[in-house]
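This briefing sets out selected features of the protein shown below, grouped by topic. It is intended to be read alongside the sequence and the three-dimensional view.

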Amino acid sequence: MQSRIVRAAVAALCLCVSAAAVAADLIPVEDFTRRPSLSDPALSPDGKYLAVAMHDPSGDQHALVIYHVEDMTTPASVLRMPKYLVPKDITWVSNTRLVLGQAKLMGSIDKPSLTGEIIATDVDGKHQDYLFGYDIASHSSTRGTDMGWGFIEGTPQKLNGRFFMRAYLYQRDELSQLYDIDSHGNGGRHQIAEIGIGDMNFTLDDEGNARYAFGTSEDFKSVIYRKDGSGWTKLDGNTVGEVFAPITMSADGKDLLAFHSADGRPSQLVEQDATGNQRVLAKDDFSSVSDVEWTPKPARPFGVWTLTGRPHLIYTDPTNTYARLHLALAAKFPDLNLQFINFSDDGKQLLFSTSSDRDPGSYFLIDLTTYKVRRLFDGAPWIDPKKMAERRPIRFKASDGMELEGYLTLPPGRSEANLPMVLIPHGGPFDVRDDWTFDDDAQFLASRGYLVLQVNFRGSSGRGKRFITDGYLKWGTRIQQDLVDGVKWAISQNYADPARVCVFGASFGGYSALMAPIRSPGTFKCAIGYAGVYDLAMMFDKGDTHTSVRGRTFLEQTMGKDAAELAANSPDKLASQIDVPVFLVHGEDDQRAPFAQAKAMRAALDAAHKPYEWLAVSGEGHGFYKPENNVALYNRIQAFLEKYIGAGAPAK
């Protein structure tokens with residue numbers, strides 16, 4: 001209560017800044033729409049080269065680029081990718097050769113999706129080869145013509161140009177296979193393991209033997225098999241629990257390290273022996289743990305990160321040499337999260353990154369013989385962290401007593417009281433979360449003077465399987481109430497002005513942007529739906545989710561299939577209840593939430609005689625990629641918010 005009163009008093013005493021001064025200090029819109037030109041670095045085994053993904057400013061051209069670490073200005077080689085494909089899983093298989101997967105861009109909202117194609121190249125750009133994929137027949141006569149989808153599963157401890165590939169063959173959905181592949185043109189491949197279940201991953205020991213196969217069933221429950229001689233033994237449900245995700249074998253090859261949750265609460269890092277006995281290595285009562293920190297070869301975990309609030313590293317053994325190294329390095333970069341990326345094979349060179357809520361990230365190389373640190377590149381060098389906004393972790397109680405968490409992004413240089421606020425629900429909605437990393441949308445809005453609220457509602461990741469499933473079948477009900485409860489909390493704490501609140505979201509967030517005002521009339525002054533889903537029943541007929549068995553099962557489990565319930569939770573069927581101006585934004589080539597969704601919502605608003613603005617862009621998918629389209633979008637959002645909750649809004 002005291003802090004709320006203090007914020008109110010400070011707000012009352014604040015001197016008004018002239019509009020001209022504010023405008024002069026505005027960070028250009030373009031700074032928030034530019035994409036990092038370099039990402040996903042990987043240090044070569046000898047520590048001499050750095051492979052990175054390079055992204056053209058146009059948004060649709062990408063390449064694998066290799067630099068000598070002594071010269072980050074002139075590439076040693078460039079492997080250009082086909083349009084809309086990006087390099088992923090960049091893996092060195094020797095000092096002079098590497099393999100990588102190709103991933104397709106669906107739009108700026110979704111993460112790139114691996115296509116199942118694997119290619120190889122030498123460090124100098126020579127001897128490029130298409131090793132495996134659905135198009136293998138047109139690329140190589142030495143690899144065979146068995147089409148399928150391949151994914152890099154690891155490398156031998158002693159690199160020799162070979163790697164391990166998990167594969168699913170075309171029209172053999174019932175099989176998961178593991179191969180040892182020579183990355184050179186005439187090396188061929190041989191099978192290591194096979195299990196008669198589709199979509200399984202493999203865990204290998206240091207000798208390259210398959211020890212476990214794991215995945216999820218069609219109803220998304222963990223399924224684990226242990227290799228016993230020539231066959232596989234399924235682990236019983238009591239051992240597996242709600243979540244069981246193997247990571248690696250112990251140093252002696254006897255025990256399995258995995259993320260595990262017996263009852264759906266936050267996942268822990270455990271070590272399990274062959275009899276099923278477990279020892280907990282790291283846990284947090286509120287948050288799941290994830291994102292392992294590794295030692296040099298033979299790589300072993302020395303820590304895992306929590307996921308909620310501001311993440312912190314839990315050291316599995318604080319006396320470990322590399323835990324102490326991490327602690328010492330982190331002390332040199334206060335207020336930043338420091339993560340190891342990979343070591344050279346001799347353990348003398350370490351590639352690491354730093355980042356925070358205000359800093360998109362930088363990449364460094366440290367020589368562990370001299371402890372000299374060299375900055376290699378910044379993810380977004382045009383961003384000045386000192387001018388960015390704080391993303392403050394929050395917790396509050398929902399209306400039914402459930403403790404929720406999220407983030408407030410506070411506009412720099414302004415009072416923390418009675419601010420105009422924008423609620424940004426994240427996409428998904430399931431197994432996705434907002435976190436403490438740099439967020440373009442939140443930072444842009446904060447730079448324009450808006451408080452930004454992000455709530456990890458039920459269904460979000462980071463707190464265990466049970467928290468995710470608590471959101472099932474509640475798209476338009478409990479999830480929306482969690483969001484509204486977050487708004488009420490921000491108002492009760494005097495952060496937000498109750499008369500100046502809008503909602504803006506993309507994908508599922510776009511759905512929520514239209515649904516939240518329906519569920520809580522009078523709470524919001526405007527709504528912005530971007531690449532949203534507005535007709536739930538349409539998801540069974542249009543878009544890419546329903547095209548697979550797993551996708552249809554996901555929709556039925558998480559959304560339901562009762563026609564009346566779907567209609568009762570679809571914004572386009574409830575348009576007459578929307579009491580705020582709406583801004584609809586959509587890419588006409590969106591495959592995830594097809595353009596038909598936006599057109600249905602527009603037709604419903606027209607029929608209900610509701611005010612709205614419209615922005616549809618051809619050639620864009622699930623979120624805009626082209627810089628000029630993102631600039632136009634941000635400018636339109638800024639003008640729209642200004643009209644309803646900014647300085648240009650009607651008097652209260």
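In the hairpin formed by strand 28 and strand 29, five residues lie between the strands, and G401 adopts a positive phi near 95 degrees. The two strands, residues 390–397 and residues 403–410, pair in the antiparallel sense over eight bridges. Within this pairing, F396 has L404 of strand 29 as its bridge partner. The model is predicted, and its confidence is described next.

**Confidence of the model**

- The average pLDDT of the protein is 92, and 95% of the residues score at least 70.
- Over residues 1–24 the pLDDT stays under 50.
- For that stretch, residues 1–24, the model has 17 contacts beyond four places in sequence.

- Four strands form an open sheet in the order 1-2-3-4, and their pairing is antiparallel.
- Strand 1 (38–43) and strand 4 (77–80) stand at the edges; each has a single partner strand, so one side of each is left without a neighbour in the sheet.
- From one strand to the next, the twist averages 20 degrees.
- Strand 4 pairs with strand 3 (residues 62–68) in the antiparallel sense, over four bridges.
- The bridge partner of A63 in strand 4 is R80.

- Strand 13 is paired with strand 14 (residues 210–216) in the antiparallel sense over four bridges.
- L204 has A210 of strand 14 as its bridge partner.
- As a general point on such pairing, strands of a sheet pair through backbone hydrogen bonds, either parallel or antiparallel.

**Packing of helix 6 and helix 13**

- The axes of helix 6 (residues 440–447) and helix 13 (residues 627–645) come within 11 Å and cross at roughly 50 degrees.
- At that angle, helix 6 is oblique to helix 13.
- The crossing of helix 6 and helix 13 is right-handed.
- Helix 6 contributes D440, D441, F444 and L445 to the contact, while helix 13 contributes Y634, I637, Q638 and L641.
- By class, this contact of helix 6 with helix 13 comprises five nonpolar, one polar and two charged residues.

**Packing of helix 8 and helix 9**

- Helix 8 (residues 478–492) and helix 9 (residues 508–519) pack at an angle of about 75 degrees, and their axes are 10 Å apart.
- Helix 8 and helix 9 are therefore roughly perpendicular to each other.
- On the side of helix 8, the contact is made by I479, Q480, L483 and V484.
- On the side of helix 9, the contact is made by F508, Y511, S512, M515, A516 and R519.
- The residues of the contact between helix 8 and helix 9 divide into seven nonpolar, two polar and one charged.

**Backbone features in loops**

- K297 and P298 are joined by a cis peptide bond, with omega about -5 degrees.
- P298 is located in the loop between strand 21 (289–294) and strand 22 (301–306).
- A cis peptide bond also joins G428 and P429, with omega about 5 degrees.
- P429 is located in the loop between strand 30 (419–423) and helix 6.
- H127, a residue other than glycine, has a positive phi, near 55 degrees.
- The position of H127 is in the loop between strand 7 (113–122) and strand 8 (129–132).

- F540 lies in the loop between strand 33 (526–530) and helix 10 (549–558).
- F540 and G551 are separated by 11 residues in sequence and by 9.4 Å in space, C-alpha to C-alpha.
- Leaving aside residues up to four places away in sequence, F540 touches H546, R552, L555, E556, M559, G560, K561 and L566.

How values were computed. Residues numbered from 1 in each chain as written. Predicted model: local features only at pLDDT ≥ 70, side-chain atom pairs only at ≥ 80, totals over all residues. Heavy atoms only, no water. pLDDT = per-residue confidence, 0-100. Contact = heavy atoms within 4.5 Å. Axes fitted to C-alpha atoms, helices over the stretch in contact; angles between N-to-C directions. Parallel < 35°, antiparallel > 145°, perpendicular 65-115°, else oblique. Left-handed = near helix turned anticlockwise from the far one by under 90°. Nonpolar A, V, L, I, M, F, W, Y, C, P; charged D, E, K, R; others polar. Pairing = 2+ DSSP bridges.
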